[in-house]
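Hello,

Here is the structure for you to look through. My notes on what turned up follow below it.

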Amino acid sequence: MGEIACREPSGSRMTSHSNGDTSGATPLPAGSLAIPSQSPAVAHGACLTIDLDAIVANWRRLAAEAPGAECSAVVKADAYGCGLAVVAPALARAGCGSFFVAHLEEGIAARACLPESDIYILNGLAPGSAPAFAEHRLIPVLGSHEELAEWAALSEGQWPAALHVDTGMNRLGLRVPEALALAGDPLLARAGIRLLMSHLVSAEKPDEPVNARQIEAFAALRQALPGIPASLANSSGVFLGAAARHDLLRPGYALYGGNPTPYRTENPMRPVVRLDSPILQIRDVEAGDTAGYNARWQAPSPRRLATLSIGYADGYPRSASNAGRALVEGVACPILGLISMDLIILDVTNVPGARRGTMATLIGDGLDIDAVGQAAGTIGYEILTGLGSRYVRSYTGG
Ligand SMILES: *Cc1c(COP(=O)(O)O)cnc(C)c1O
């Protein structure tokens with residue numbers, strides 16, 4: 001049965017729905033479903049395992065890059081799909097004091113599990129929302145004169161805020177000349193500005209000239225608006241050198257195991273997420289046979305196929321059809337044909353031991369989220385944030 005249960009990254013017991021060993025023969029209550037306690041994968045399809053110790057280790061690793069600075073954690077989008085309510089308290093226990101989310105609602109959810117932390121709302125102040133920010137002690141990242149004025153009218157210096165300046169993204173934030181013009185303006189104090197912030201356009205590509213332009217523009221802003229702590233670096237920005245780091249690091253992706261330095265071969269972060277799914281059936285096909293909807297794969301020779309209990313409705317991207325891979329007994333097996341809503345077909349010809357119940361690894365054991373993103377024609381960020389709620393979710397560590 002061992003191979004049917006969710007795999008564990010570290011050998012520790014999993015904190016999943018499993019009741020543990022049934023050999024003690026506690027009778028099931030009458031009418032309950034007799035699902036073998038060791039096989040949540042059989043009951044639910046795929047297993048998603050999130051390593052909280054790895055998230056904490058990654059946060060420490062990022063903080064160590066900038067010893068004089070504070071390291072925050074970006075936990076927007078449900079902590080990049082990993083579960084805000086579990087991830088954020090684990091980071092707070094490790095010493096993380098500042099968190100960033102995108103929306104007011106995410107901030108309210110973060111406040112519920114982070115009673116003391118600083119919680120910043122990246123998408124700023126929606127019209128009329130200032131009282132809700134104050135009620136939940138949330139810190140808006142103000143990105144326009146309208147937002148500044150609205151917040152200042154409520155705060156009068158009592159409630160803090162961050163000021164977002166756009167140094168190249170053309171997305172959110174005051175334009176650089178608008179921000180420079182605020183030098184000496186009492187509006188900054190009335191709005192409780194305690195953090196000056198900007199966001200990098202291409203930090204994962206250190207050779208892009210836009211990095212140096214943004215770093216320079218941000219340094220000039222700090223000179224014009226002295227005495228305000230500052231934050232520029234996302235995950236990849238942490239690795240762009242001291243001039244990009246400033247007072248507060250703002251990593252997201254790298255906390256969850258994403259590679260912040262894709263231009264190097266080694267990912268400095270520990271993997272966090274693993275995704276396993278059991279093989280439901282094995283079949284042999286002849287040369288010329290096809291597999292899946294619309295017959296988008298045709299066997300070039302006799303092959304052995306395995307069908308996995310996971311599909312695009314679980315959050316595994318359909319765009320990885322005929323391109324992605326899964327590991328079976330350590331062997332990389334190609335995904336064949338179109339990914340279905342609930343099923344994926346693998347070529348397991350090179351894994352003679354594969355059989356019904358054998359687990360396949362879609363993320364993990366060196367098959368990382370960056371590689372899955374690449375196979376799907378997207379980025380690892382989208383793989384993480386698309387992770388569904390259909391899996392058995394387990395957390396290890398923490
Ligand atoms: C999402 C986000 C981050 C985190 O970026 P990563 O690349 O995931 O580290 C930091 N700052 C802002 C403004 C963001 O929107």
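**Salt bridges and the ligand site**

Arg274 and Asp365 form a salt bridge, with their closest N and O atoms 3.1 Å apart; the term stands for a side-chain nitrogen of Lys or Arg within 4 Å of a carboxyl oxygen of Asp or Glu. By this rule there are 11 salt bridges. Another joins the side chains of Arg61 and Glu65, at 2.7 Å from N to O. Arg61 is partly exposed at 32% relative accessibility, and Glu65 is partly exposed at 23% (buried is under 20% relative accessible area, exposed over 50%, partly exposed in between, with a 1.4 Å probe and protein chains only).

Before you read on, please note that this is a predicted model, where local features need pLDDT of at least 70, side-chain atom pairs count only at pLDDT 80 or more, and totals for chains, interfaces and linings use all residues. Residues are numbered from 1 along each chain as its sequence is written, and side-chain values use heavy atoms, leaving out hydrogens and water.

Now to the ligand. It is surrounded by 14 residues, the closest being Lys76, Tyr80, Ser235, Tyr253 and Tyr381 (a residue counts if one of its heavy atoms lies within 4 Å). For polar contacts (pairs of N or O atoms within 3.5 Å), a side-chain N or O atom of Lys76 is 2.7 Å from a ligand oxygen. Tyr80 places a polar side-chain atom 2.5 Å from an oxygen atom of the ligand, while a polar side-chain atom of His199 is 3.4 Å from a ligand nitrogen.

Best wishes

Key: A polar contact is a pair of N or O atoms within 3.5 Å; within protein, one must be able to donate a hydrogen and the other to accept it, and residues adjacent in sequence count only if both atoms are side-chain atoms.
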